[in-house]
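Here is a short report on one protein chain. Please read it beside the sequence and the 3D view.

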Amino acid sequence: MTELEKGPKGRRRGRGARERILSASQQLFREQGINRTGMDQLCAAAEVSKRTAYQHFTGKDELVAEYLRRFDPSVLSGVFDRTDLTPRERLLAAFDIPPTTPLCPYIAAAVELHDPQHPASQCARDYKKAVAARLADTAREAGAADPEQLGEQLALLIDGAAARTRVLNADAFPAAAAIAAVLIDNAIPATAGDDRRREEVSS
């Protein structure tokens, strides 16, 4: 590494600095929270000077928002884009979350920031609405009579299970999945349910 690639005290700057800052923020924000992570610590972890950091981000608020935007840009594609599952199975797969998974970063950010006008709070709202929309789209595929309502109900269950798992230090997702199954079956008209069951038997 040349001297021009180093910042103060030998820290790297320039090439790849933005990605290192975002990588450090993802680790530190998840491990210790947003409010407990200062820019000095972030810069040290990313091996950049604060001057370099502020060349890429106007401040910590912008960095937090970008951290959230990058966390799951495709909105649970590992669940909703699966072609090997029926729509009903995809809805239930959204509850297949290991209990050791850290609290949803969008919930954590909204709780920590206490500011609905913060750019990261807006990112959190947009993401949660996107999750509900993807659930509603899948519910529509499954034949739900009111897919938007079912999508909101399932989104609420997922977030509630995530919070309860964290608070009680016990896996709440199996119970949430059982409730979800009842909601899904009640939301799907009998004819659509019969078609769904035939699909599942033949698959």
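The UniProt annotation "DNA-binding region", from an unreviewed entry, covers residues 38-57. UniProt positions are given in the numbering used here, feature names are shortened, and annotations may be inferred rather than shown by experiment. In this predicted model, local features need pLDDT of at least 70 and side-chain atom pairs count only at pLDDT 80 or more, while totals for chains, interfaces and linings use all residues. Residues are numbered from 1 along each chain as its sequence is written, and side-chain values use heavy atoms, with hydrogens and water left out.

The span 38-57 is 75% helix and 0% strand. Its end C-alpha atoms lie 14 Å apart. Helices (H or I, at least four residues) and strands (E, at least two) are DSSP runs, numbered from the N terminus. Glu-47 sits in the loop between helix H2 (39-46) and helix H3 (50-56). The phi of Glu-47 is near 60°, a positive value in a residue other than glycine. Glu-47 counts as partly exposed, at 36% relative accessibility. Buried means under 20% relative accessible area, exposed over 50%, and partly exposed in between (1.4 Å probe, protein chains only).

**Overall fold**

The chain has eleven helices and zero strands. Buried residues make up 41% of its 203 residues. Contact means heavy atoms within 4.5 Å. Of the contacts in the chain with a separation of 6 or more, 64% are between residues 24 or more positions apart.

**The core**

Nonpolar side chains tend to be buried together in soluble globular proteins. A nonpolar core is a set of buried Ala, Val, Leu, Ile, Met, Phe, Trp, Tyr and Cys residues joined through side-chain atoms within 4.5 Å. The largest one here holds 57 residues. Phe-95, Leu-135, Leu-150 and Leu-154 touch the most other members. Helix H8 (residues 119-142) gives the most to this core, with nine residues. Domain 1 (17-58) and domain 2 (71-187) both give residues to the core, so it lies between them. The domain bounds come from an automatic or database domain assignment.

What does Leu-135 contact, leaving aside its neighbours within four places in sequence? Its partners are Phe-80, Leu-91, Ala-94, Gly-151, Leu-154, Ala-155 and Ile-158.

**Aromatic pairs**

The structure holds four aromatic pairs. Rings of Phe, Tyr and Trp (its six-membered ring) pair if their centres lie within 6.5 Å; planes under 30 degrees apart count as stacked, over 60 as edge-to-face and the rest as tilted. Two of the pairs are tabulated here.

| Pair | Type | Centre to centre | Angle between planes |
|---|---|---|---|
| Phe-29 and Tyr-67 | edge-to-face | 5.1 Å | 70° |
| Phe-71 and Tyr-106 | edge-to-face | 6.3 Å | 90° |

The pair of Phe-29 and Tyr-67 links distant parts of the chain. Phe-29 is in helix H1 (residues 17-32) and Tyr-67 in helix H4 (residues 60-71), 38 residues apart. Phe-29 is buried, and so is Tyr-67.

Phe-71 lies in helix H4 and Tyr-106 in helix H7 (residues 105-113), so their pair ties together parts that are 35 residues apart in sequence. Phe-71 counts as partly exposed, at 27% relative accessibility. Tyr-106 is buried, with a relative accessible area of 4%. Phe-29, Tyr-67, Phe-71, Tyr-106 and Tyr-127 form one aromatic cluster.

Which residues of H7 are buried? They are Pro-105, Tyr-106, Ile-107, Ala-109 and Leu-113. The cover over these buried residues includes H1, H4, H8 and helix H9 (147-168). Val-111 also lies in H7, but counts as exposed at 52% relative accessibility. Val-111 and Ser-121 are ten residues apart in sequence and 9.1 Å apart in space, C-alpha to C-alpha.

His-114 has a positive phi of about 55° although it is not a glycine. His-114 is exposed, with a relative accessible area of 68%.

**Cysteines**

A disulfide is a covalent bond between the sulfur atoms of two cysteines. The cut-off used here is a pair of cysteine sulfur atoms within 2.5 Å. The structure holds zero disulfides. Cys-43 is buried, with a relative accessible area of 2%. Cys-123 also counts as buried, at 12% relative accessibility.
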